[in-house]
Amino acid sequence: MSDTTTQPRGGIVGASLIGTTIEWYDFFLYGSAAALVFNTLFFPTSDPLVGTLIAFVTYAIGFAARPLGGIVFGHFGDKIGRKKLLVLSLLMMGGATFAMGLLPTYETIGVWAPILLTVLRLVQGFALGGEWGGAVLIVSEHGGDRHRGFWASWPQAGAPGGNLLATGVLALLAAVQSEETFQSWGWRVPFLLSGLLVVIGLWIRVSVSESPVFLAAQAKAEAAAAEGAKEEAPVVEVFRRSWREVLAAIGTRFGENISYYILTSFLLVYVTVHLGLPKSTALNAVLIGSAVHFVTIPLWGALSDRLGRRPVTLIGSVGMAVWAFVFFGLVDSGSFTVITLAVTAGLLLHGAMYGPQAAFISEMFDTKVRYSGASMGSQLASIIAGALAPIIAVELLKEYDSSVPIAVYLSVAAVVTTITVAVTRETLGRDLTRSRNE
């Protein structure tokens, strides 16, 4: 067994959390802007919902690039190490987001505006596709198996942390600026702020040490190669020997991914366009919910160290299947307090799925293909789940002018995750230094 008393240093956890928070800030900033300003500035149409739908299509394009990023970053992460790839992903993501803040709008350069925005979105997606696997693995592989769920959940907290930061900046700007000022230039501020955040993130991230589990596996592979053994590319190895685990990772993420983007990105559209409420209502509700989400994700991770990854995940997926219908009923009240309660409770259930997920998926794969396998499973789920969630939800809203079909969609997604986790083997306590065949 691995040393169960060893835990990752605070610097390792901090570097993963801060870097992941910045990357998710960049990624979520686009989703919030797509719901609030991109529909008119880059995709102007006579129908607000149509413009929003087009903006969310480019939002989804970022997800389409994520599996490619996962494959490329996973391959090199399994070959040369986790740390180098994490630095590169942060640079790519931050650079693309900063450039978005400088883009001229459709009114200035016409069709080139949405084209350039889409290209930068692809860069964002490619970078984020490589970020998640490296961030959770470098934490998971620095400690023992006894508290892995807790430590590995901290990079997961970077998602609500990034959303909290992005939504908070947008809410602040919306509060201190007029609608005209925000539409004119105010929306650029949070994108340009990414440049400063990336400098801070890089300063912290370059200081971390490489994963000891990876270094041990690399030394073993080099010794085998010296004796004439040939090794397949990690991506080939994953599809040959670990395809079941990839499918399990996809199913585990399916309901979690869809629920998150419904509860956050789509909510902004639903509240402002369908209910006709001020954007501050949705932004502040997500802001408060994300703060609670950020704090509770590590608690769910810690609980998975006691109960197991599967039971805690099932609490979230079964709960979300039911809450989907309650959620929209509460949001339709139009009350800020009630909407905030609905979002916060939904994100608590999401956290039960998301908190144990980093350790759960990491423990599914052997070290020599762990970055590739975890990244592919995670990012393929993003295409069929998160990428399509806001688009499908907006289309359902246009077609039926009701929240009921969207609640059904969300509930079915949670059931898919419930079934997947129910038939997947528990991974709690696995020694990451040993292969599944040892």
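Ile 109 sits in helix H6 (helices are DSSP runs of H or I with at least four residues, numbered from the N terminus). With a relative accessible area of 31%, Ile 109 is partly exposed, because that class runs between buried, under 20%, and exposed, over 50%, with a 1.4 Å probe and protein chains only. This is a predicted model, where local features need pLDDT of at least 70 and side-chain atom pairs count only at pLDDT 80 or more, while totals for chains, interfaces and linings use all residues. Residues are numbered from 1 along each chain as its sequence is written, and side-chain values use heavy atoms, leaving out hydrogens and water.

H6 (106-109) and H7 (112-140) each supply at least two patch residues, and H7 has the largest share, four.

## Cavities

There are three cavities of 30 Å³ or more (on a 1 Å grid over the protein atoms alone, sets of points where a 1.4 Å probe fits but cannot get out; lining residues have an atom within 4 Å of a point). The largest has a volume of about 60 Å³, and of its ten lining residues, Ser 32, Asn 163, Thr 167, Thr 264 and Leu 268 are closest to the centre. H1 (10-36), H9 (158-176), H14 (243-274) and H15 (279-307) each give two or more residues to that lining.

The second largest cavity holds about 50 Å³. Its lining includes Trp 24, Arg 253, Glu 256 and Tyr 354, and H14 gives the most, with five residues.

## The second largest pocket

This pocket has a volume of about 240 Å³, that is, the space filled by probe spheres set on grid points joined across faces, edges and corners. A pocket is an open set with protein on both sides within 12 Å along at least five of seven lines. Eleven residues line it, with Glu 245, Met 364, Thr 424, Arg 425 and Thr 427 closest to its centre.
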